[in-house]
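Biologist: I am new to this structure. Please take one part of the fold and go through it closely, starting from the chain that leads into it and ending with what lies around it.

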Amino acid sequence: AGGDHLLPRVSALLDNVRSIFNVGSIFRSADGAGLAHLYLCGVTPTPINPKLAKTALGAEKTTGWSHHNNAVDLAMNLLAHGQRLWALEAGPGATIIFDAPSVDAPTVLVAGNEVTGIDPDLLALCSCTLSIPMYGRKRSLNVATAFGVAAVVLRRP
């Protein structure tokens, strides 16, 4: 809490994250990391569905959110208003999240569909792509788990 107001604003954009339980967990992580807002896009469930509260555990009431049909249109609007977009996506050219630059300007963390990842048109609008290193046999984490890691790392002073 103390000094949080000195950290730059971090929000998140979830594009077509289908699992209501993943979205509820993301709300909880967003609240814990002090994120300013969640932009829920496409088919991403919203707190209007009471099942989301099962994993959000009240964070759906403490974290601001809005729903947008088209993530690319929203992203272009966010960019036009001085936000920068950073993707959470494994792949060639991604920066290991622990090597990410400090968040020194309003930033929106973008996460995509559990299976297909971030839409390529949305990914193209991101100025930075961050990945979480994997040390076991699996190549990725659950989207909600990965989001929690990224949210806390990006909020570090």
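Modeller: Start at N16, in the loop between strand 1 and helix 1, which spans 20-33. This is a predicted model, so every value here is computed from predicted atoms. The phi of N16 is near 55 degrees, a positive value in a residue other than glycine. Most residues other than glycine have a negative phi. N16 counts as partly exposed because its relative accessibility is 26%, between the limits of 20% and 50%.

Now step back into strand 1. L13 sits there. Its relative accessible area is 0%, so L13 is buried. What does L13 touch, beyond residues up to four places away in sequence? The list holds Y39 and C41, then A71, L74 and L78, then V108, L109, V110 and A111, and also L122. L13 and A75 are 62 residues apart in sequence, yet their C-alpha atoms are 8.4 Å apart in space.

Helix 4 covers residues 71-80, and its buried residues are A71, L74, A75 and L78. Why do these residues share a side of helix 4? They cover an arc of only 100 degrees around the axis, and therefore fall on the same side. The buried residues of helix 4 pack against several strands: strand 1 (10-15), strand 2 (37-41), strand 3 (64-68), strand 4 (84-88) and strand 6 (107-111). They also pack against helix 5 (120-123).

Look at the two ends of helix 4. At its start, a side-chain oxygen of N70 comes within 2.9 Å of the backbone nitrogen of V72. After helix 4 comes G82, with a positive phi near 85 degrees.

Next, two of the packing partners. Strand 3 holds H67. H67 is partly exposed, because its relative accessible area of 34% lies between 20% and 50%. Neighbours within four places in sequence aside, H67 contacts L40, C41, G42, T44 and T46. A polar atom of the H67 side chain lies 2.9 Å from the backbone oxygen of G42. G91 is 24 residues from H67 along the chain, and their C-alpha atoms are separated by 28 Å.

Helix 5 holds P120. Is P120 buried or exposed? P120 counts as exposed, because its relative accessibility is 62% and the cut-off is over 50%.

L57 is another residue with a positive phi, about 50 degrees, although it is not a glycine. L57 lies in the loop between helix 2 (53-56) and helix 3 (59-62). Its relative accessible area is 56%, so L57 is exposed.

The lining has 23 residues, and L88, E89, A90, S140 and L141 are the closest to the pocket centre. Strand 7 (128-131) and helix 6 (143-154) each give at least two residues to this lining. By type, the lining has twelve nonpolar, eight polar and three charged residues.

Methods
Residues are numbered from 1 along each chain as its sequence is written. This is a predicted model: local features need pLDDT of at least 70, side-chain atom pairs count only at pLDDT 80 or more; totals for chains, interfaces and linings use all residues. Side-chain values use heavy atoms; hydrogens and water are left out. On a 1 Å grid over the protein atoms alone, a cavity is a set of points where a 1.4 Å probe fits but cannot get out, and a pocket is an open set with protein on both sides within 12 Å along at least five of seven lines; lining residues have an atom within 4 Å of a point. Helices (H or I, at least four residues) and strands (E, at least two) are DSSP runs, numbered from the N terminus. Ala, Val, Leu, Ile, Met, Phe, Trp, Tyr, Cys and Pro count as nonpolar, Asp, Glu, Lys and Arg as charged, and the others, Gly among them, as polar. Buried means under 20% relative accessible area, exposed over 50%, partly exposed in between (1.4 Å probe, protein chains only). The arc is that of the directions from the helix axis to the C-beta atoms. Contact means heavy atoms within 4.5 Å. A polar contact is a pair of N or O atoms within 3.5 Å; within protein, one must be able to donate a hydrogen and the other to accept it, and residues adjacent in sequence count only if both atoms are side-chain atoms.
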